[in-house]
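Hi,

Here's the structure I promised to pass along.

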Amino acid sequence: MLISTFIKRRILHIRHRWIGYLTSLLLIPLALYFTLQLSLGEWLDADWLFPGILFIMALMAGMLPLWGDLQRNIHTGFFDCIAASPNSGLVIVMSMILSTVLELFLRTIVTATVLIILIGNMPSVLPLLGTILMAALAGLFGSSLVTVWLFATNQRSSHFFGIFSTLLFMIFASGWMIPLENYPEPLASILTWLPTSQLMSAGRSLFMAGQFTDWIWIMAVAETVLLIILSGYLFKKVYSR
């Protein structure tokens, strides 16, 4: 199957650059934690920051492989090569995105372990696992949103700016690091309906209160599926010429 090929390809990339990968795996959550504690520690406690850092790491895990594929496409025409396969655009895009799932869970689990050691407080297992799942879903949403952006624009000069802007927007506009209550009321009401905000709300309720009553996060899952389908359509339309 094509997805197994993409997974093996991703594993080979990690093995080839394992020192840099291991360093980023450990240092990025440490840097995020200490930076946020120094800058926001007076207003936000560690338990509130915990889910936000998990979500950032999951989002990076979903986006970084796509960033690498973009670089390869610029220099080698990577997307044109895989578009020549007999597989549909949807299968190709699903394989690209789902091949990052293992990395999503690896990064979030390692991040959770590092944060638990730093905080010195072991949360309940089920709320922790639920928060990790929500973080992985947010990472999948981010990667599917980026693929739509990439294949819709098909403009190499603006790809990197678009990915970086999308990353920053989802971090700062979804209540991951800054409570939405700090934004003006009209803006906060709009941001609350972002899929990434819905996932964070569900993840934070699980982690801090052990409650799983807000099912609005299912909308984020449905929107992720729609984005993947749209990506498959755009991929074949752009690269099957």
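**Around tryptophan 176**

Leaving aside neighbours within four places in sequence, tryptophan 176 is in contact (heavy atoms within 4.5 Å) with Trp48, Gly52, Phe55, Ile56, Leu59, Ala138, Met170, Ile171, Thr196, Met200 and Arg204. Trp176 also turns up, along with Phe235, as a residue with the most contacts inside the largest nonpolar core, a set of 59 residues. By "nonpolar core" I mean buried Ala, Val, Leu, Ile, Met, Phe, Trp, Tyr and Cys residues joined through side-chain atoms within 4.5 Å. Helix α3 (residues 46-76) gives this core its largest share, 14 residues.

Before you go further: this is a predicted model, where local features need pLDDT of at least 70 and side-chain atom pairs count only at pLDDT 80 or more, while totals for chains, interfaces and linings use all residues. Numbering runs from 1 along each chain as its sequence is written, and side-chain values use heavy atoms, with hydrogens and water left out.

**The chain overall**

There are 11 helices and 0 strands; these are DSSP runs numbered from the N terminus (helices: H or I, at least four residues; strands: E, at least two). Of the 241 residues, 49% count as buried, meaning under 20% relative accessible area with a 1.4 Å probe, protein chains only (exposed is over 50%, partly exposed in between). Among contacts between residues at least 6 apart in sequence, 78% join residues at least 24 apart. The chain exposes about 12,000 Å², with 71% of that supplied by carbon and sulfur atoms; the areas are Shrake-Rupley values with a 1.4 Å probe, and for residues only the protein chains shown count as cover.

Serine 95 sits in helix α5 (residues 89-98) and counts as buried because its relative accessibility is 5%. Not counting residues up to four places away in sequence, Ser95 touches Leu2, Ile3 and Phe6.

Serine 143 belongs to helix α7 (residues 125-153) and, at 1% relative accessibility, is buried too. A polar atom of its side chain lies 2.9 Å from the backbone oxygen of leucine 140. With residues up to four places away in sequence left out, Ser143 touches Gly62, Leu66 and Ile97.

**Helix α6**

Helix α6 (residues 101-119) has 19 residues and reaches 27 Å from first C-alpha to last, close to the 27 Å expected at 1.5 Å a residue (1.5 Å times one less than the number of residues). Its buried residues include Glu103, Arg107, Thr108 and Thr111. Just after α6, glycine 120 takes a positive phi of about 75°.

Cheers

Key. Polar contact = N/O pair within 3.5 Å; in protein donor to acceptor, adjacent residues only side chain to side chain.
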